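The sequence and the structure are shown below.

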Amino acid sequence: MSHTRILQLTDLHLFCDETSTLKGIPTRRTLRDVVEFIQQNEAPFDHVVITGDHTHDELTESYTTVRDILTPWLDRLSIVPGNHDDRNVMRAVLRDVIERQSSPDVPDDDRITFSFRCGPWQCLGLDTHLPGEVPGQLGSVQADWLRRRLTDHGSDPAILFFHHPPVDVGSVWMDAIGLQDRQLLLDVVSDFPGVKLICCGHVHHEFEGTTGSARVVTSPSTGLQFDPRGT
């Protein structure tokens, strides 16, 4: 039996200045280290998904550096924005990636989403970026799009990828800046038990929980890690 391998990376937080650090962490160097480690120690991946916060300063030069570092995976890359992203700059620097990943029935011209298939699995990327804000928002238009996609594919299992987790993760300050309209998502997921997995970032640490019948996981950042017990 053949297997499809998906790599999720999140919260890269790169700066334009290569010497800049995020709370002392050299995020450009750590991203290079992560990519190099994966290439040397893992089998090839069929898909690579970035669940937001590609940069910290949202500058063109920073996105260009992200693109350069991820060059080995550009042909299989799928991306969604986080709160530390700028959709316009993302589109300018990663236009080919975004155009390739976009489905013909995009939920909103402003949102950056994706859709691809892994055998029977439907993999959907949602955009929870809320300009000028740290918390995230799904929005009713995107929720309706998600419902249509799940309806169109009947009982096929599905994986959702987006930045802000839709459940509390046990961190007081992080739980206050998660997905603000999480009930919208829960309403959809509750109606579609085929949604088996939700993969997020934002919280900079590992977490596992549930919403509806879906397992919710968060991945660590490629750079700075947060202690969920901290402030």
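Helices here are DSSP runs of H or I with at least four residues, numbered from the N terminus. The model is predicted, and in it A92 lies in helix α3, which spans residues 87-93.

A92 counts as exposed because its relative accessibility is 54%, and the cut-off for that class is over 50%. Between the C-alpha atoms of A92 and P72, which stand 20 residues apart along the chain, the separation is 20 Å.

## The parallel sheet

An open sheet is built from 3 strands, arranged in the order β1-β2-β3 with parallel pairing. Its edges are β1 (6-9) and β3 (77-80), each of which pairs on one side only, and from one strand to the next the twist averages 20°.

Within this sheet, β1 and β2 (residues 47-51) are joined in the parallel sense over 4 bridges, and L9 is found opposite I50 of β2. Strands of a sheet pair in general through backbone hydrogen bonds, which may be parallel or antiparallel.

## The buried side of α7

Helix α7, covering residues 182-191, has L185, V188 and V189 among its buried residues. These three residues lie on the same side of α7, because the arc that they cover around the axis is only 95°. An α-helix has 3.6 residues a turn, so residues three or four places apart point the same way.

The buried residues of α7 are covered by elements that include the helix α5 (140-152) and the strands β6 (158-161), β7 (195-200), β8 (207-211) and β9 (214-218).

Notes:
Residues numbered from 1 in each chain as written. Predicted model: local features only at pLDDT ≥ 70, side-chain atom pairs only at ≥ 80, totals over all residues. Heavy atoms only, no water. Buried < 20%, exposed > 50% of the residue type's maximum accessible area, 1.4 Å probe, protein only. Helix = DSSP H or I, 4+ residues; strand = E, 2+ residues; numbered from the N terminus. Arc of directions from axis to C-beta. Contact = heavy atoms within 4.5 Å. Pairing = 2+ DSSP bridges. Axes fitted to C-alpha atoms, helices over the stretch in contact; angles between N-to-C directions.
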